[in-house]
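I opened my notebook to go through this fold piece by piece. Here is what I am looking at.

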Amino acid sequence: MLILQNNLRSELKKPIGDLYPSLEEVKDFLKSKYNHELLISVGDVTTQNLQKAGLIPHLGIIDNIVERKPASYDVVYDNVTLNAKNPPGVITDQLQETIEKAFQLVKSGFRVLILVDGEEDLAVLPCILMAPSGSLVLYGQPGEGLVVCEVDKVIDKVKKFKDKLEES
């Protein structure tokens, strides 16, 4: 298990990738990549907005919580749904193993939704670390917009950050 210490929280408040005010601003770029690269979304709003735009993420990770309140809609996948427990402020071994399993299923042609019991925010980190080269990882930046992480551009930054997390 990896634990986010309080002194690192402010570092995670900065976008890991490129910040866009809305999905609309980056939709054409995402559509151009969609048939060739993996699209991974972390967060209920991000996953739902991509679905509405006709871009079903190959891997979506949600916790049915939006801004600390239960989500008012369902995110439904027609392929595989996996479950993982992950309390706030940590990345459990179970979550990491579930993400790894999800990538194996995606490689076999499935679309996968991971439903997290707890909090999915930090799932961005293992997704970036495990995603194949060329993948895009998207997540919401509360009050600011959508962050698009091109895995090849941010992987070194994420590896350095992961090394700062406390192992338990």
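Which residues have the most contacts inside the largest nonpolar core? Before looking, I noted the ground rules. This is a predicted model, where local features need pLDDT of at least 70 and side-chain atom pairs count only at pLDDT 80 or more, while totals for chains, interfaces and linings use all residues. Residues are numbered from 1 along each chain as its sequence is written, and side-chain values use heavy atoms, with hydrogens and water left out.

**Entry 1: the cores**

I found that the largest nonpolar core has 39 residues, and that those with the most contacts inside it are Ile-16, Leu-59, Ile-61, Val-112, Ile-114, Ile-128 and Val-137. I reminded myself that a nonpolar core is a set of buried Ala, Val, Leu, Ile, Met, Phe, Trp, Tyr and Cys residues joined through side-chain atoms within 4.5 Å. Buried means under 20% relative accessible area, exposed means over 50%, and partly exposed is in between, with a 1.4 Å probe and protein chains only. Helix α4 (residues 93-107) gives this core its largest share, six residues. Apart from this core lies another one of twelve residues, including Tyr-34, Leu-50, Leu-136 and Leu-146.

My labels need a note too: helices (H or I, at least four residues) and strands (E, at least two) are DSSP runs, numbered from the N terminus.

Next I looked up Ile-114. Leaving aside neighbours within four places in sequence, Ile-114 is in contact (heavy atoms within 4.5 Å) with Leu-59, Gly-60, Ile-61, Ile-62, Leu-82, Ala-84, Thr-98, Ile-99 and Ala-102.

**Entry 2: strands around β9**

Two strands count as paired if DSSP finds at least two bridges between them. Strand β4 (residues 59-62) runs parallel to strand β9 (residues 112-118), joined by four bridges. In this pair, Leu-59 stands opposite Val-112. Strand β7 (residues 80-86) also pairs with β9 in the parallel sense, over seven bridges. Here Val-80 has Val-112 as its bridge partner.

I also found an open sheet of three strands, in the order β8-β1-β12, with antiparallel pairing. Its edge strands are β8 (90-91) and β12 (166-167), each pairing on one side only.

**Entry 3: helix α2**

Which residues of α2 are buried? They are Leu-23, Val-26, Lys-27, Leu-30 and Tyr-34. These lie on the same side of α2 because they cover an arc of only 140° around the axis, taken from the directions from the helix axis to the C-beta atoms. The face turned away from the buried side carries the exposed residues Glu-25 and Asp-28. The buried residues of α2 pack against β2 (18-20), β3 (39-42), α3 (44-52), β10 (136-141) and β11 (145-150).

**Entry 4: two buried residues**

Is Glu-120 buried or exposed? Glu-120 is buried, with a relative accessible area of 4%. I located Glu-120 in the loop between β9 and α5 (124-130). Not counting residues up to four places away in sequence, Glu-120 touches Val-42, Gly-43, Asp-44, Ile-61, Ile-62 and Asp-63.

Pro-126 lies in helix α5 and is buried, with a relative accessible area of 4%.
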